[in-house]
Amino acid sequence: MTPAAGTRIAVYDTTLRDGTQGAGITLSAQDKLRIAEHLDEFGVDYIEGGWPGSNPKDLEFFEQARTHSWRHARVTAFGSTRRPGIAAEHDENLRLILAAGTPTAAVFGKSWDLHVREALRTTLEENLRMIEDSVRYLKSQGLEVVYDAEHFFDGWKGNPDYALATLAAARRGGADVVVLCDTNGGCLPFEIRAGVDAAGGASPGPLGIHTHNDGELGVANTIVAVRAGAVHVQGTVNGIGERCGNANLISVIPNLQLKLGYECVPPASLPRLGELARFVSELANIAPDEYQPFVGKNAFAHKGGIHVSAVMAHPPTYEHIPPEIVGNERRVVVSDLSGRANVLYKAEEMGLDLSKDRPEVRQILTQLKQLEHAGFQFEGAEASFELLVRRTMGQHRPTFTLKGLRVMVEKGPHGEAVAEASIRVSVDGQEEHTAAEGNGPVHALDRALRKALERFYPDIRRVRLVDYKVRVLNADAATAAKVRVLIQSTDGVRTWGTVGVSENVVEASWQALVDSLEYVLLTERIEAFS
Ligand SMILES: [Zn+2]
């Protein structure tokens, strides 16, 4: 039966266990503890810390977790049912779960007859006893027990009676919740619906759902299971996990809470969803997915001019939810698809008063289209775009004049290359002439320019380059091809992007470098006057 709106749905996070089984993902015990603290503050109900029998890192995590005081979440140790033919109290795996000292245990057992025969190499009856005994034993030790019915949906498709009998065994043992797992991740939503209905009909009691994303349906299958009666959802932050990953809690939670009205986490936590997603990406050392639903940088980005004018007048025209409620923001992208609305929106972001009838709007749009045609791209270079707007509006004069520059690259007999740049600039009639070396021409140029300007503008000492990208635009033209240089700079607080385009890489870099310094000087002046 579909739970009524307002029903509490327990959120069970397995980022630290299933998530770390994803290829290329490693977390130290310290990382795991930090993520667990974050999840606890965020308000998830369960944090599956790992499999204490599997590695020393997990043991270390549980050791530290024992003495930590958790605000809300219950830390959970994971493991399998007892081995065939021995008493539960003599099973090493179960002993390790108890030794982890957690209030909750998750124990997984086989639901698929094929696995019982082929993987466990035991009888169907013994598997049922293994499930019941293991759950009962952990319950007798005072633990809350989550029973994970591994391969439930595949087992149920192959041998429905047996799969349902395994759930009944877990219920007899006293499981607090029985979790139906789509372990291979290949089920379709209607199969999940039928499986949950069957499980609910055969052995009443709280049901949970654990899905994987092999058919890209991890989130959809979780939602369908809740609509069929599951009150406990398992998944990982950003969907990291084995193969194609687990159900992504970063999407599951807002869908359940905002679209269906269930209560998963405290409402005040939802605006921190994006922060949680980025924190886990950071610690797992994965670049955040800019296209990730709800929290990605582009999740609420508007590019086409018609979309932008509509969304500014009435956000629901092209946004499924207001971005702020999941900690995201609306972003308007400037590009040759842009119309007036994009330019006006950006101008407003810059604090400029630019009504749509001003002639500058058309001038800016014309320039933008010409520049993009020439190979410029402002999507990653918002500082260059701001300078373009302010120059057109007569609000920005160059802070220095270039009198001349020279860049030399020298290569010695042993292959070592050195670059040297010398530059002459004037600021309010005063000239400065400097030179600097670098490990390449752009590095040397950057150092020489900043050295020349530091005397006049000491603040630029804090500016440094954090990223430098070169893209060849028309590769067919061989050495005459144009290149686009994108630079990211920082002053330790903000970062900004600038762009340059030329057939000469040094010239393209020069344009981007100049914009970068002009931008920081401009914004400092604005701050000083505001
Ligand atoms: Zn799993």
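# Zinc site, sheet, pockets and cavity

User: Which residues coordinate the zinc ion, and what makes them donors?
Analyst: The zinc ion is coordinated by Asp18 (OD), His210 (NE2) and His212 (NE2), at 2.0 to 2.1 Å. Donors are N, O and S atoms within 2.8 Å of the metal (3.2 Å for Na, K and Ca), so these three residues qualify. Water is not among the atoms, so sites may look incomplete. This is a predicted model, in which local features need pLDDT of at least 70 and side-chain atom pairs count only at pLDDT 80 or more, while totals for chains, interfaces and linings use all residues. Residues are numbered from 1 along each chain as its sequence is written, and side-chain values use heavy atoms, with hydrogens and water left out.

User: How are the donor residues spaced in sequence, and what do Asp18 and His210 tie together?
Analyst: The spacing is D-x191-H-x1-H. Asp18 sits in the loop between strand S1 (10-13) and helix H1 (29-42), and His210 in strand S7 (residues 207-211), so the pair ties together parts 192 residues apart in sequence. Helices (H or I, at least four residues) and strands (E, at least two) are DSSP runs, numbered from the N terminus.

User: What makes a space a pocket, and what a cavity?
Analyst: On a 1 Å grid over the protein atoms alone, a cavity is a set of points where a 1.4 Å probe fits but cannot get out; a pocket is an open set with protein on both sides within 12 Å along at least five of seven lines. Lining residues have an atom within 4 Å of a point. Grid points are joined across faces, edges and corners, and a volume is the space filled by probe spheres set on the points.

User: What is the volume of the largest pocket, and what lines it?
Analyst: Its volume is about 1300 Å³. Of its 39 lining residues, Lys297, Arg331, Glu379, Gly380 and Glu382 lie nearest the centre. H11 gives the largest share of this lining, four residues.

User: How does the lining of the largest pocket divide by class?
Analyst: It has 12 nonpolar, 13 polar and 14 charged residues. Ala, Val, Leu, Ile, Met, Phe, Trp, Tyr, Cys and Pro count as nonpolar, Asp, Glu, Lys and Arg as charged, and the others, Gly among them, as polar.

User: How many cavities of 30 Å³ or more does the search find?
Analyst: It finds one. The largest cavity holds about 30 Å³ of space, and its lining includes Asp446, Arg450 and Leu513. H17 gives the largest share of that lining, three residues.
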